[in-house]
Structures are given as structure tokens and as C-alpha cells.
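Notebook open, structure loaded. I want to look up how the chains are built and how their parts pack together.

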Amino acid sequence: MIRVDRIHKSFGKVHAVRGVSFEAPDGKITGLLGPNGAGKSTTLRVLYTVLKPDEGTASIDGADVVTDSLAARKNIGALPHGAGLYPHLTARENVAYYANLCGIDKSEVDDRVSSIITLLEIEEFADRRTKGFSQGQRTKVSLARALVHDPQNVILDEPTNGLDVMATRSLRRLILKLKDAGRCVLFSSHVMQEVAALCDDICIIANGQVAIDDSIDGIRERTGQSDLEEAFVCAIKMVGEE
Amino acid sequence: MRTLLTVFFKEVLDNIRDRRTLVSALLMGPIFGPVLFAFVINLSIDRALDDADSSMDLPVIGQEHAPNLMRFLRSRNIDIVAGPEDIDGAAEAVKTGEHDVVLVIPANFGELLADTVPAKVELFSDEANSQGEKEARRARSALRAYNQQLAAIRLSARGVNPMLLSPINVDAIDVSTPSGRSAMLLGMMSYFFIFALLMGGMYLAIDSTAGERERGSLEPLLSLPVTRDQLILGKIFAACVFMAASLMLSLISFYIVLKFMPLEQLGMTPNFDLGVVLAAFFLLLPFILLGAALMTLVASFTKSYKEAQTWLSAVLIAPTLPILVVSILTLRPQLEFMFVPSLSQHLILVDMVKNEPLNGLHIAISVCSTLFFGALLTWVCARLYRREGLLG
């Protein structure tokens, strides 16, 4: 369960996030949707505790991301935008490194790594060094490494960027699996169709503010648009006019 | 602790597989120093031997006018060869570098000598050419000696004691020992060790900060349930291990190179046996933490891999500065110098090589102060690693 309460974040003169609030409950997929530069990544970076909010609070399963950041990180699996791997290590070693850092019992590390590799269908290239992996392969390994400690909350920043259709599909299947296992999945995207295909709740962000936070049907209803893309554009305009 | 060890082992494995790191740590540093050193030593040995015994060719115009002088020059291992046609040719030959030096003896040389009038000879040389200058100096000193010999003969013939001409007899006595003389040349050795040591950890330091950020692997790493202190400490310790390996290799390669160098010919017998190799390793060990922390610190300020490389190249030179200042001012080892890392190690190492008794207090201060600065920089590094701006 992720809770965000009126957070603000500025970088110098740029006020990137201006009072964003939303909730991402367990057992559901929540989409953070918005155009480029809307403040999605900044919001997510606050949640996985690499940035501190200037104002407002956020918590992961009740643990505050600023005052109790270590506990908050324990329950997060994060896939930052453009996450990189260690090119001289194999995919399996990359995942095992994170498993060890997360404090998984030494006797269980190998099993855990193997099972996550099976789950993400990366056995084929698991024992190759990651140098020269395709974008899809890299994303899968990054995801395996983020999920190796079996976190309750999963934060994915634009995970489908640069993926082909097949890779996108298998990623979608995985996200649905996580949902079925009762996890809280929060992911950002700037593609309306992708969010619509997966999410239970959608939080549309523009200009660092929340435009609409609702289910897909709710968004259609409130914008008065039946076409999702139109609804998206309409919601963004609502913020712009304020 | 487990986190720290996990990071440590991962960095070691990662960098062992990285050819660039490996080459710079285990090849560049340890080989570069001794090879350069051997080159310089061999050059100076060649020069030293050159000066003393080798014969030199002296082109002379008008040999027939001074047969006794020619004989005298030959007795000083100077071979007389035929020179250019005339004086103009002599000047031209020296200018173009065909000859380094040309001696011109005028036709009236013997006549003037017989009349006891100063007899003129001309020596052409190019003072801007260092090799030519050396030959000219040798020719001049031979002519001076001949001059004194003739003067002494003339005085004796007139019943005057030639000793009157030298009221003072200067006898220069060199008190340096063979080991002491080695220290001058081997002084630069300590810098090679520090250079090799820093080289060893350089790429690891870059990789763990700027490199990790550029690759995009830093952000997911920081989102793990570990403290950043443990991450940075693991990385610094991994750099320490590479630096220690590089240092050890460079000490051993120096030991081997010195075995094969004809240093006795330069009047040097450096004290550099295996015991000194080990002592030098432990003496420089505290500097490793300082070096690793310093490199990590500088690299974490930079925005990219390339920028980090540029800055760290400057860091490679930094430890020479105190050594250089003290060498130029030829200052004697003092207690205060022992507080300065790199300088203190250099001075103690020089004493070791000179085979002089070591000052325990100096060593204690050197170790403590270097460790203190190392710990301080490590702490600063850890503070910096907690910054938000780390992600750039």
C-alpha cells in the first residue's frame, strides 16, 4: 500500500511536483499517467527514497519515506527509468548481488534467484554477461533484480519504454501476476492505451499536479469523453486552465 | 557487515573482469615505473662511462705546426683527425653540426712559442649544443693542462720552483656513501610506488561513482534496503585491495629490475632487499586508504566517466608536489614533514634505501597522520554519498 500526501519537490527554480496526492492499494494496479516532464519520475523517486520531498509526506506500508526510509525500502521493488546493469556480471550475478544486498538468507539466495529467473522467463540468457543485452533483456533482468526480495510494493518507472510488442506483452503478463498475488503495483507511463490495458486506477498528472485520480470508467464519465485518448488530453487541459 | 562484504566482493569481481581496470592496476602502474627507471639509469650509466674513458675525435687544422701538442693530446686519449680546409670551413662545420669542436693552430704557433710570446690557438664550438659543449670542455681542459706543463718547464729552466704557481691546492672530498648516492637517483622511486598504488584503484573509484551513475545502476542500488554508508565503504575497501595489489607488484618489479642494473658502475649500492620491500609495503599501506578515499571523493564530484578520468589524472600528480618542493629546496627530514602524507613516506623510504637508522617517532607520526587523513576523507565521502545530488 502506497500513500502519497501533498508532496512538493523543486529543483532550483523548477517546481516539478506541486502537491501530488494519491493512494495505490494492495491487489491493484495503479497507473501514473502524464505527458513528458509532468513530474511522474520525480514522484516515483520520492517513493523509492532517492529524493526527499520539500513538503508533504509519503509512506510505504505505513513507513514514512523520509523518517523511516530503510523500512520503506524494505517493502519496495523499484525499477527506475533507464536502470542499468553491471556489464561484467552475468544476469544471474546481477540478480544475486541484489538478493545478497537485500539480506536474503545465504542458503536461500540461489533458490530465490533461480525462481525469479524462471518467473521472468530469462533462463535462456541468465548466465551470459549482460554487456550487449537488448533493451528487453535488460528490462527483464532489472525487474528480476527488483523483485528478488519479494517486495509487497512494486514501483515501475516507464517499464515498457523501448520494448517491442512481445516483450511488452510478457511484461504485462508479469504485472498481472503480481496483482493476482496481492501486490501493490504502481507504474508510470505516457501511453494512454498501455495504462488503460492494465490499470485498475489511473492517476493523471500534468504540470506537477494531479488532474484526475479515478478508475477508467470514472475518467470517461468525468471528462465526458468516451475515447480514452481524448479523455487524457481533456484531463491535462483541465490542469492547464487552472 | 554483510552488505559491506557483498559490495566489496561484487566490486572486486566486477573489476577483475574489466580489462581496463586490470591493465591499469596490475600492469601499467607496476611496469611503467621500473621501465622508466631502468631507462634513466642506463642512460646515466652510459653518460658517466662516456665522460671518463672513451676516446674522442678532435679535428685539428694545422697539425703540422704543433707536433708536441698533438702528442700531448693523444696521450690524453684524444684522437687527432684531419679538420676542414680552413678557418671558415671550421666555423661552418661546427655550425652545421658536422663537428662538435674544431681546433685551429696557426702557422706561426711554433715561432711564437719559441719567442715566449703567448701563442694563439682557436677552438670552435657551439655552446648551445650540450653534447658539443662537453667535447669542447674536454678539449679546453686538455689545452689548459698543456699550458700549465709548458709554464712549469719554462719556470724550471729559469731556476724558479713551479710550485709558486699553485699557492692553494684544493682537494674535494665526497663524504657520501654508495647507498647515500643511490638515494638521490632512487628518490624518484617512492613516487613510482605512490603512482602505481593510485593507478591501481583509479578505475574502480571512477566505476563506483561516476561510472555507476552514468550506467544508470546507481539509482536502483540506492533504492535497496541498505544504508549508503555501507555501499560507499564496500567500494572504498575494494579500491584499497586493488591499490595494495598494485603496490606490491610494483615493489616486486622494482626489486627485480634493480637486481639487473649495473648500479655499482655509478658508485651506488641501494639497500633494497626483500626486507625493505616488505617494510616499504607496510609503510605505504596507510596511504592506500587515503588514496582510495581521495579518488572516490574526487570522482563522486564529477558528472561523467570522462570528467572523472580527467580529474583523477590530476590526483595522480598531487602526491608529487610535497616531494618536489622538499627536493628542490633540499630540505632535511624534519618532524613536521612527517605529518604530510606522501612526503613522510618518501622521506622514510629514502632513509631505508640509504640504509640509515630509522626514526621510530617519524614512522609513528607518518602512519598515524596518514591514517587520520584517510579516515577523514572516507567520512567526507560517506557524507557526500548521502546527498540527493549524487544522482546528478
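At what angle do the axes of helix 10 of chain B and helix 13 of chain B cross, and within what distance do they come? I got roughly 175 degrees for the crossing of helix 10 (residues 274–301) of chain B and helix 13 of chain B, with axes that come within 10 Å.

Ground rules before I go on. I'm looking at a predicted model, where local features need pLDDT of at least 70, side-chain atom pairs count only at pLDDT 80 or more, and totals for chains, interfaces and linings use all residues. Residues are numbered from 1 along each chain as its sequence is written, while chains are lettered from A and ligands numbered from 1 in the order in which they are written.

**Entry 1**

The axes are lines fitted to C-alpha atoms, for helices over the stretch in contact, and the angles run from 0 to 180 degrees between N-to-C directions. Helices (H or I, at least four residues) and strands (E, at least two) are DSSP runs, numbered from the N terminus. Helix 10 of chain B and helix 13 of chain B are therefore roughly antiparallel (under 35 degrees counts as roughly parallel, over 145 as roughly antiparallel, 65 to 115 as roughly perpendicular, the rest as oblique).

I looked up who meets whom (contact: C-beta atoms, placed from the backbone, within 7 Å). From helix 10 of chain B I found B:Val276, B:Ala279, B:Ala280, B:Leu283, B:Leu284 and B:Phe287, and from helix 13 of chain B there are B:Gln345, B:Ile348, B:Leu349 and B:Met352. This contact has nine nonpolar residues, one polar and no charged. (Ala, Val, Leu, Ile, Met, Phe, Trp, Tyr, Cys and Pro count as nonpolar, Asp, Glu, Lys and Arg as charged, and the others, Gly among them, as polar.)

**Entry 2: helices 13 and 14 of chain B**

Helix 13 (residues 343–354) of chain B also crosses helix 14 (residues 360–385) of chain B, at roughly 150 degrees, with axes that come within 9 Å. So I have helix 13 of chain B and helix 14 of chain B down as roughly antiparallel too. Their crossing is left-handed (near helix turned anticlockwise from the far one by less than a right angle; clockwise is right-handed). B:Ser344, B:Gln345 and B:Ile348 of helix 13 of chain B meet B:His362, B:Ile363 and B:Ser366 of helix 14 of chain B.

**Entry 3: helices 1 and 9 of chain B**

Next I checked helix 1 (residues 2–16) of chain B and helix 9 (residues 228–259) of chain B, whose axes come within 8 Å and cross at roughly 45 degrees. Because of that angle, helix 1 of chain B is oblique to helix 9 of chain B. Their crossing is right-handed. Helix 1 of chain B brings residues including B:Leu4, B:Val7 and B:Phe8, and helix 9 of chain B brings, among them, B:Leu233, B:Phe237 and B:Val241. I get 10 nonpolar, four polar and two charged residues there.

**Entry 4: chain B overall**

Chain B has 14 helices and four strands. Is chain B compact or spread out? Its radius of gyration (over C-alpha atoms) is 31 Å, well over the 21 Å from the globule rule for 392 residues, so chain B is more spread out than a compact globule. That rule is 2.2 Å times the number of residues to the power 0.38. The C-alpha atoms of chain B fill a box of roughly 105 × 45 × 35 Å along the principal axes. I also noted domain 1 (2–43 + 179–391) and domain 2 (55–165) in chain B, with bounds from an automatic or database domain assignment. Their C-alpha centres are 55 Å apart.

**Entry 5: chain A, and where it touches chain B**

For chain A I noted nine helices and 10 strands. The radius of gyration of chain A is 18 Å, close to the 18 Å that the globule rule gives for 242 residues, so chain A is as compact as a globular protein of that length. Between the chains, 26 residues of chain A are in contact with 20 residues of chain B. Helix 3 of chain A gives the most to its side, with four residues.

Technical notes: Two residues are in contact if their C-beta atoms, placed from the backbone, lie within 7 Å.
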